[in-house]
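Subject: Model for you to look at

Hello,

Here is the structure I said I would pass on.

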Amino acid sequence: MVRTVEAAAAWVDEVGLALLFPKADVVLPSLWEQVNGSPADNWAIRDDEGNFVRWSDELAFLWGAKDELPGAGLVCVGKHVARVATCVAPRLLPLLVAAAEPVEPSLDEQAVEDAIAAEGPLTGPQLRGLTGLAKKEVDRIVAILHRRLVLTNSHLVEQDGPWGAIAHDLLARKWDVRERPGGKEARRELARLVLELAGELTAADLAGPFGWPRQATAAVLDSVGTGRDEEGFRIWAAD
């Protein structure tokens, strides 16, 4: 099982793409399962009456590692896939960025991006101060820009209180994604990777996490796997 930040980085590099915690409708593996030994959510230690005592050692490690990995430049971490925290091997980032559909940002989204471009990595409170946007709006916009591969987690910033705050940076500034293939080739390579990790996929399994159109995803799977019809669904297996 994974017990060090270096081991976590090595595992992510091996698989390429993983969630931080498992999600029922997403076929990708999770770093939590490697740390915990199973997907079970035994996150807390409780007394005989069920009262919270402390976080489990496994969760305590992973909670720190999720910030140390990007902070040390080992693994890209952010809400990049399936709208949840994702671990991406740096070698895979050019594919992920190339496969993303460009979207015209709103004025507020552009304001957040411009603030980080000008000032460097910024936390939520710093972004609120610079843009004048409310916390709810900043949090929403940051999540959107993570999903579009515009922003990513940079490092943990210590602040008053028990918790630090994550600073967000431009993904293309923190990580080298300059040499990347065309969008179609990038989707094929990602589809091949996920198919190898999962063994079998439906178009929905692949389209959902990445936000790809279902019909186009089926065509991509046709190009990298072998499909069969089963109980009203088409399922692809790795060649």
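Helices (H or I, at least four residues) and strands (E, at least two) are taken as DSSP runs and numbered from the N terminus. The model is predicted, so local features need pLDDT of at least 70 and side-chain atom pairs count only at pLDDT 80 or more, while totals for chains, interfaces and linings use all residues. Residues are numbered from 1 along each chain as its sequence is written, and side-chain values use heavy atoms, with hydrogens and water left out.

Pockets first. A pocket here is an open set of points on a 1 Å grid over the protein atoms alone, where a 1.4 Å probe fits, with protein on both sides within 12 Å along at least five of seven lines; its lining residues have an atom within 4 Å of a point. Grid points are joined across faces, edges and corners, and the volume is the space filled by probe spheres set on the points.

The largest pocket holds about 940 Å³. Its lining comprises 33 residues, and those nearest the centre are Lys66, Lys79, Asn153, Ile166 and His168. At least two lining residues come from each of α3 (57-71), β4, β5, α6 (124-131), α7, β6 and β7 (165-170). The biggest contributor is α7, with six residues. By class, 17 lining residues are nonpolar, eight polar and eight charged. For these classes, Ala, Val, Leu, Ile, Met, Phe, Trp, Tyr, Cys and Pro count as nonpolar, Asp, Glu, Lys and Arg as charged, and the others, Gly among them, as polar.

The second largest pocket has a volume of about 500 Å³. It is lined by 22 residues, with Arg147, Gly208, Pro209, Phe210 and Gly211 nearest its centre. Here α4 (93-99), α7 and α10 (203-210) each give at least two residues, and α10 has the largest share, five. This lining has twelve nonpolar, three polar and seven charged residues.

Now the backbone. Most residues other than glycine have a negative phi. Arg83, not a glycine, has a positive phi of about 65°; Arg83 sits in the loop between β4 (76-81) and β5 (84-88). Leu149 also has a positive phi, near 65°, and is placed in the loop between α7 (135-147) and β6 (151-157).

Are these two residues buried or exposed? Buried means under 20% relative accessible area, exposed over 50%, and partly exposed in between (1.4 Å probe, protein chains only). Arg83 counts as exposed because its relative accessibility is 59%. Leu149, at 10%, is buried.

Regards
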